[in-house]
Amino acid sequence: MTDERIVDALRASRRVVFLTGAGVSAESGIPTFRDRQTGLWERFDAAELATPEAFERDAPLVWGWYEWRRALARSAQPNAAHRAIAAIGDRIPNFTLITQNVDDLHERAGSRDVVHLHGELGRSRCEQCGLEHRDPAGRVASLEQRRIDPPRCRGCGARVRPGVVWFGEQLPEDAWQRARDAAQRSELFFVCGTSSLVQPAASLTDLAIGAGALTVQINPNLTGIESTVSVALRGSAGAVLSEILAATWGVR
Ligand code: BV8
Ligand code: ZN
């Protein structure tokens, strides 16, 4: 049963913001960031690999991990959560979708102008001159091979790195600014599918609370912010958001 405050707020709100994390891609079969890794990468800790130090220490291993994740994302399909968020976005005049995820499933579900706080799997760039290398063409990402040499820049020959934000790196200035502005002006703020452990992304919820927004967490598990948000809905993003869509606009 959807909380009437959410239905009323969606119908009345002009400024709605979503902050999503790996949990919204979980139902597409993409392991969340803190899930134990599976298969080939079982004995590697994502937080260890997603660092500049790991890339310096063993670039082919880290590049191979991102190729594996690119292959995973390419073979995955957007799920009900991605589709519901895109459908809500289509119905709200001033809607901002902020994601910590580096996959493109929000875009493939129809969301536009997505704010990627932590970069994107499909946007690699030269370490030297910054030239962007989209989805390095012709590279067959093998799910068996672990180490893959990073490509060389077609402009200056230097090494190409994944276009994501690693731990210890600054977020892209424009994305972070857009996210802060949206959270500070939000009237309804959903924090969905994230453990709210990573900063500064998680602090956006506090900005929304400070702005007096109705804040709604959607997560099957407890994250520790249940006592600070207005509403904590326990459940998977796909089911909960589909229910909200149906209760608000009769969309099934
Ligand atoms: C920075 C890209 C300034 C790469 C990622 C000590 C204290 C506080 C902060 C810090 C600290 N030490 C260092 C820091 C800062 C650090 C940080 O926050 N560390 C944390 C871990 C303590 N942050 C940074 O370094 C950031 N930069 O601060 O710059 C600076 C500069 C120099 C020096 C210092 C500071 C950069 C952070 C960005 C890192 N990059 N990703 C890649 O993907 O490979 S973060 C990574 O975590 C992913 O982006 C992921 O999205 C993100 C957050 O994780 P979640 O999305 O929440 O995923 P998680 O698995 O944790 O949770 C999934 C949730 O889904 C769970 O709650 C689960 O219950 C739920 N779920 C599961 N199934 C479902 C579901 N929900 C709904 N439906 C379902 N079906
Ligand atoms: Zn270059």
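Two strands count as paired if DSSP finds at least two bridges between them, with strands (E, at least two residues) and helices (H or I, at least four) taken as DSSP runs numbered from the N terminus. With that in hand, look at Arg-123, which stands opposite Arg-134 in E5. This is a predicted model, where local features need pLDDT of at least 70, side-chain atom pairs count only at pLDDT 80 or more, and totals for chains, interfaces and linings use all residues. Residues are numbered from 1 along each chain as its sequence is written.

Strand E4 (residues 123-126) pairs with E5 over 3 bridges, in the antiparallel sense. Zoom out and you get an open, antiparallel sheet of 3 strands in the order E5-E4-E6. E5 (132-134) and E6 (160-161) sit at the edges with a single partner strand each, so one side of each has no neighbour in the sheet.

Now for the domains, whose bounds come from an automatic or database assignment. Domain 1 is 1-30 + 78-118 + 171-252, and domain 2 is 31-75 + 120-164. Their C-alpha centres lie 27 Å apart. Where they meet, 15 residues of domain 1 contact 10 of domain 2 (heavy atoms within 4.5 Å). About 980 Å² is buried between them, 62% of it from carbon and sulfur atoms; that's accessible area (1.4 Å probe) lost on putting the two parts together, summed over both. On the domain 1 side, Ala-22, Ile-30 and Val-102 lose the most area, together 47% of what that side buries.

Terms used: Chains lettered and ligands numbered in written order. Heavy atoms only, no water.
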